[in-house]
Amino acid sequence: MILETESLAKRYRRRWALRDCTLAVPEGAIVGLVGPNGAGKTTLLHLIVGLLAPTAGTVRVLGGAPDRALQAGRVGFVAQNAPTYPNLTVADHLDLGKWLNPRRWDTTAARERVDRLGLPARQRAGRLSGGQRAQLALTLALSKHPDLLVLDEPVASLDPLARRAFLDETVAAATATGTATLLSTHLVADLAHTGTHVVVVTGGRIRLAATTAALGTTPAELERAILDQLGQSEELA
């Protein structure tokens with residue numbers, strides 16, 4: 001397994017943000033993590049990439065500690081709002097990615113991807129559109145050839161066309177490379193186009209973990225199965 005958690009939990013003072021989370025992600029899986037805002041998705045992802053330490057339970061990434069996998073460049077992480085450096089150009093970001101990941105960085109793939117997406121090399125990130133910044137952040141994550149790609153609602157602020165383009169690019173890249181991917185979202189419709197597994201989180205607990213094939217053969221059936229579990233509207237704001 002690429003990722004395994006066992007009874008994982010995180011508490012902030014008296015409030016439990018996550019409880020009794022047991023999860024296994026196989027190699028090559030593309031997992032949609034869905035739940036309303038405040039459900040515990042970001043806390044779970046931060047535990048997985050080693051940015052938080054658990055209060056209870058365990059988490060193993062690539063057979064070891066999450067922070068070691070992240071530091072070794074084996075985990076690609078795109079946080080909410082796809083953060084980039086506004087005063088650095090697209091080319092500067094690629095140079096920074098190479099400097100931070102000297103052993104795994106693929107310069108050719110990074111340059112080919114920004115060229116294909118029409119990202120101007122000399123343009124400062126602060127002058128790119130939201131969709132372009134998201135694609136730049138994804139390029140930085142993908143170009144170090146991670147074994148696990150973790151995306152924390154990177155398309156939440158994008159318009160529907162930009163969101164679909166980002167998701168399509170993500171799935172295509174993950175499928176081509178065999179990279180296991182964990183994508184967090186609060187939009188159920190996103191999951192109909194993303195991948196192989198679905199994990200539903202509400203109230204800090206995992207309520208459902210299944211393959212998309214087991215939940216339905218069409219996007220509409222998949223959405224209905226998830227919404228039935230949640231008992232909420234399509235956009236879980």
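These legends go with several close-up views of one predicted protein model.

In this predicted model, local features need pLDDT of at least 70 and side-chain atom pairs count only at pLDDT 80 or more, while totals for chains, interfaces and linings use all residues. Residues are numbered from 1 along each chain as its sequence is written, and side-chain values use heavy atoms, with hydrogens and water left out.

View 1. The protein has 9 helices and 9 strands. Helices (H or I, at least four residues) and strands (E, at least two) are DSSP runs, numbered from the N terminus. The radius of gyration is 17 Å, close to the 18 Å of the globule rule for 237 residues, so the protein is as compact as a globular protein of that length. That radius is taken over C-alpha atoms, and the rule is 2.2 Å times the number of residues to the power 0.38. Along its principal axes, the C-alpha trace spans about 45 × 35 × 30 Å. Of the contacts with a separation of 6 or more, 68% join residues 24 or more positions apart. Contact means heavy atoms within 4.5 Å.

View 2. The protein exposes about 11,400 Å². Carbon and sulfur atoms supply 48% of that area. Accessible areas come from the Shrake-Rupley method with a 1.4 Å probe; for residues, only the protein chains shown count as cover. There are 26 positive and 22 negative side chains. The centres of the two sets lie 9 Å apart. Lys and Arg count as positive, Asp and Glu as negative; His and the chain ends are not counted. Each charge is placed at NZ of Lys, CZ of Arg, CG of Asp or CD of Glu.

View 3. Buried residues make up 47% of the 237 residues. Buried means under 20% relative accessible area, exposed over 50%, and partly exposed in between (1.4 Å probe, protein chains only). A nonpolar core is a set of buried Ala, Val, Leu, Ile, Met, Phe, Trp, Tyr and Cys residues joined through side-chain atoms within 4.5 Å. The largest such core has 26 residues. Leu-3, Ile-48, Val-61 and Leu-148 have the most contacts inside it. Among the elements that give two or more residues to this core are strand E1 (3–12), helix H1 (41–48), strand E4 (56–61) and strand E6 (148–152). Leaving aside neighbours within four places in sequence, Val-61 is in contact with Ile-2, Leu-3, Ile-48, Pro-66, Ala-69, Val-75 and Leu-148. A second, separate core has 16 residues, including Ala-134, Ala-137, Leu-158 and Ala-173. In soluble globular proteins, nonpolar side chains tend to be buried together.

**View 4. Leu-138 in helix H5****.** At 0% relative accessibility, Leu-138 counts as buried. Beyond residues up to four places away in sequence, Leu-138 touches Val-78, Arg-113, Leu-149, Leu-151, Phe-166 and Thr-170. Arg-163 is 25 residues from Leu-138 in sequence. Their C-alpha atoms are 13 Å apart in space.

**View 5. Gly-73 and Asn-101, two loop residues in contact****.** Gly-73 sits in the loop between helix H2 (66–71) and strand E5 (75–78). Asn-101 sits in the loop between helix H3 (90–100) and helix H4 (107–116). Gly-73 counts as buried, at 1% relative accessibility. Asn-101 also counts as buried, at 14%. Not counting residues up to four places away in sequence, Asn-101 touches Gly-73 and Lys-144. With such neighbours again left aside, Gly-73 is in contact with Asn-101, Arg-104, Lys-144 and Pro-146. Gly-73 and Leu-94 are 21 residues apart in sequence and 15 Å apart in space, C-alpha to C-alpha.

**View 6. Ser-7 and His-145, each with a positive phi****.** Ser-7 lies in strand E1. Its phi is about 50°, although Ser-7 is not a glycine. Ser-7 counts as partly exposed, at 31% relative accessibility. His-145 is found in the loop between H5 and E6. His-145 has a positive phi of about 50° and is not a glycine either. At 36% relative accessibility, His-145 counts as partly exposed.

**View 7. Arg-122 in a loop****.** Arg-122 lies between H4 and helix H5 (130–142). The residue is exposed, with a relative accessible area of 79%. Arg-122 and Leu-3 are 119 residues apart along the chain. Their C-alpha atoms are separated by 38 Å.
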